Protein chains: 2
Amino acid sequence: MSAIFKLTYGLFVLTARDGNKDNGCVVNTALQVTANPPQVSVCVNKANYTHDMIMKSGEFNVSILSQEAPFSVFQRFGMQCGRDVDKFDGFDEMERSANGLYYLTRSANAMLSIKVNKTVDVGTHTMFIGEVADEKELSDVPSVSYQYYFDHIKPKPETKKKGFVCKICGYVYEGDELPPDFICPICKHGVEAFEPIK
Amino acid sequence: MSAIFKLTYGLFVLTARDGNKDNGCVVNTALQVTANPPQVSVCVNKANYTHDMIMKSGEFNVSILSQEAPFSVFQRFGMQCGRDVDKFDGFDEMERSANGLYYLTRSANAMLSIKVNKTVDVGTHTMFIGEVADEKELSDVPSVSYQYYFDHIKPKPETKKKGFVCKICGYVYEGDELPPDFICPICKHGVEAFEPIK
């Protein structure tokens, strides 16, 4: 199943809030579904803490990452779990939009505030669809694509180890065989996302 | 509403079939929604003939366009209506996949056959979600992004005319004022997609 990897994506930090707790995660699945009214959809893994916050609050922000987003932003928001850590701890490159949610200022070229009007259960993920309630342009730096991230931002995986590397987030599973039901503890992708370290 | 234009997209020819009639259209909204099982979603304007075919048959192919796709392919599949013309007339760069539908061979780097399991009404568009029933890699040429299409494939709009140009497909409306409810006859976008010719 490699044809499916040829689909083109951007990369986004999705932020949400539950009470006083803020969280965010990295997703590649944000798109405009209609122009009149402007509606956006995102697809979020049910295992993500941000997923549960959006489900509860019906609101989220999309920070559209630019080519200037450093790897540390992908690590901070994409490679740890908001249930265990406060992802905004020690981070100051964000502001709150009118809905009270954070968005990223320096790593994003634009942000969209979305009010959810439809949730679609698609199995491991939920698709959230909603209207654009607020939007702001932040810079003229081009948006980062998945391909650009792989080519220019993500460090090459360490090749000394023996095992399997997750092509999505770079997590390394050490061992001779990858269990068939293995799920990446970082980005929640299954064995189809792993390749042997050469 | 310009922040929303910073979202990153690929470009795809969506093909479907009704009886003996084949059709296809250009969309920018194909993405993988889950990995287990592999599912893909696309968002299609209800005004498109391909939309009605998919609604009826529950099947479509996604030809993932590569950077080698010529402008003529975007004209053929994106800038005329399949109700008026046979878009495959005089075209021979396609084959049929196991489901009997066409996919593009020379302009695509991969194709996916999708069996619809869910339709979501999002207003002007329908989102079709389904499992990948078949897939094929066709070339190593990189996928075309919306941005690449604008920068390298789409001819610059003719600037002699006075009026408004559709930023999506290049259609030119001649006149001093664009009616507020104007819909692009080619790509079905509204006035928000138009800008004055400078």
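Contact here means heavy atoms within 4.5 Å. The model is predicted: local features need pLDDT of at least 70, side-chain atom pairs count only at pLDDT 80 or more, and totals for chains, interfaces and linings use all residues. Residues are numbered from 1 along each chain as its sequence is written, and side-chain values use heavy atoms, with hydrogens and water left out.

**View 1. The contact between chain B and chain A.** Chain B gives 47 residues to the contact and chain A gives 47 residues. About 3,900 Å² is buried between the two chains, 64% of it on carbon and sulfur atoms; buried area is the accessible area (1.4 Å probe) that two parts lose on being put together, summed over both.

**View 2. Salt bridge between A:Glu137 and B:Lys6.** The two side chains meet at 3.2 Å, N to O. The rule (a side-chain nitrogen of Lys or Arg within 4 Å of a carboxyl oxygen of Asp or Glu) finds 2 salt bridges across the interface of chain B and chain A. On chain B, β3 (30–34), β4 (39–45), β8 (108–121) and β9 (125–137) each supply at least two residues of the side that touches chain A. Strands are DSSP runs (E, at least two residues), numbered from the N terminus.

View 3. The same surface serves both copies, as 100% of the contact residues of chain B recur in chain A.

Conventions. Chains lettered and ligands numbered in written order. Helix = DSSP H or I, 4+ residues; strand = E, 2+ residues; numbered from the N terminus.
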